[in-house]
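Dear colleague,

Please find the structure below, handed over for your records. My notes on it follow directly after.

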Amino acid sequence: MSYIQHGTSAFRKTSLALFAGGFNTFAILYYTQPLMPEFSREFGISPVTASLSLSLTTLVLAFSMIVVGSLSESWGRKPVMTVAMIAASVLTLATAFAPNFHTLLVFRIVLGAVLAGLPAIAMAYLGEEIAPGSLGAVMGLYISGNSIGGMGGRVITGALTDLWNWRIAIAAIGLLGLTFSLVFLFLLPPSRHFEARPLRFKSLLRSLGSQFKDPGLLILYALGFLLMGSFVSLYNYIGYQLIAPPYSLSQTLVGFIFVVYIAGTFSSTWMGKMADAHGRPLMLWIGLAVFLCGALLTLSPLLVIKIAGIIMFTFGFFGSHSIASSWIGIRAKREKAQASSLYLFFYYAGSSVGGTLGGTFWGAYGWHGVVDMIAGFLVTALCLSLLLARLHRRQAAA
């Protein structure tokens, strides 16, 4: 059985299907982020409580990714991904009709479990079905779907909330999700190289434990936690500051802040190339330094400087994450996919912990408190990157 080659009809269908899947998954995951001030206003809850609408989802997602990836070894790649996308879209529609915040949280918690179906499996499907020489192109489209979906979901909900209300905005994301799910279902070719295997959870746990023996991998897991914890914290609470005086921006304008993700789409590719040319340790340190400087710039009361800081912050995050995540596959000697899954586990755990902890700092100290927390995370990350560079040099010299 031949693999899917670049330029064929099957390749174009696969690329479009995975782009739709990535867009759908990340639009649904992050649509609550610009709506947190609306939740605080309508339900009379604090910012830290409103942040649970994202933090709990990403926490459940983190744990589910490890399990769902194993389930697909027995149940198949495309069936699990398709069911996950349709179920997530239906749950999003149900969330639009949640009578109170507690019900909304229940829907979002279940959503975290089903959303894991695509990111946990997509790369395995592509690795099995796409010809090695064509893998980079389709992987790039999948990742761009992730980025554009995360940005698009936030922008759409912000604009529609201004035009109507947050319930209509969420319903629109759910309907869009169902449309993209059907595109995925009908376009994605069925697996031709997948071989079902029985579930063996004991061997899974044993191999998971082996991934914690390498100090370099432990540092990379910690970096994923710190990077995403910092990133989500800023975007969770910047809306509260920009909607309030002296800025008094509309939900639409706050939603359009997420257009700066374009800077991240560029930096993840560009810094990856620079890492190949100048070495991962140096470029990771530079990316983290840019990340930190961007956070500090958002302390300026001038809106134009604050926005410039957000752009710089986003550039540094995506560049650093690109380098750290690609380093996992180089550092791991065996079970590379599992090591990558663990990196994503800590990455999304960082989103949950950092996103909620940032709300505590916001409530106690305002925007300065949020930035102080982020600075603490990133200074720790800078120190860990220096330690990782030392381990890298030792490994290279051995």
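The notes below cover the overall fold, the cavities, the aromatic residues and some local features.

This is a predicted model, in which local features need pLDDT of at least 70 and side-chain atom pairs count only at pLDDT 80 or more, while totals for chains, interfaces and linings use all residues. Residues are numbered from 1 along each chain as its sequence is written, and side-chain values use heavy atoms, with hydrogens and water left out.

Overall fold

The protein contains 16 helices and 0 strands; these are DSSP runs numbered from the N terminus, with helices being H or I of at least four residues and strands E of at least two. The C-alpha trace spans about 60 × 50 × 40 Å along its principal axes. Of the 398 residues, 54% count as buried (buried is under 20% relative accessible area, exposed over 50%, partly exposed in between, with a 1.4 Å probe and protein chains only).

Cavities

A search of the whole structure gives 2 cavities of 30 Å³ or more. A cavity is a set of points, on a 1 Å grid over the protein atoms alone, where a 1.4 Å probe fits but cannot get out; lining residues have an atom within 4 Å of a point. A volume is the space filled by probe spheres set on the points, which are joined across faces, edges and corners.

The largest cavity has a volume of about 60 Å³. Helix H11 (215-243) and helix H12 (251-256) each supply at least two residues of its lining, and H11 gives the largest share, 6 residues. Among the lining residues are Gln33, Pro34, Tyr235, Tyr240 and Phe258. By class, this lining has 8 nonpolar, 4 polar and no charged residues (Ala, Val, Leu, Ile, Met, Phe, Trp, Tyr, Cys and Pro count as nonpolar, Asp, Glu, Lys and Arg as charged, and the others, Gly among them, as polar).

The second largest cavity holds about 30 Å³ of space. Helices H1 (9-30), H5 (77-95) and H6 (101-115) each supply at least two residues of its lining, which divides into 7 nonpolar, 2 polar and no charged residues.

Aromatic residues

The count comes to 30 aromatic pairs. Rings of Phe, Tyr and Trp (its six-membered ring) pair if their centres lie within 6.5 Å; planes under 30 degrees apart are stacked, over 60 edge-to-face and the rest tilted. Trp362 and Trp367 form an edge-to-face pair, 6.5 Å centre to centre with 70° between the planes. Trp362 is buried at 18% relative accessible area, and Trp367 is buried at 5%. One aromatic cluster includes Phe231, Tyr235, Phe258 and Tyr261.

Local features

Lys78 is found in helix H5 and is buried, with a relative accessible area of 14%. Lys78 and Ser191 lie 113 residues apart in sequence, yet 7.0 Å apart in space, C-alpha to C-alpha.

Pro245 and Pro246 are joined by a cis peptide bond, with omega about 10°. Ser248 is not a glycine but has a positive phi of about 50°, and it is partly exposed at 47% relative accessibility.

Yours sincerely

Notes. On a 1 Å grid over the protein atoms alone, a cavity is a set of points where a 1.4 Å probe fits but cannot get out, and a pocket is an open set with protein on both sides within 12 Å along at least five of seven lines; lining residues have an atom within 4 Å of a point.
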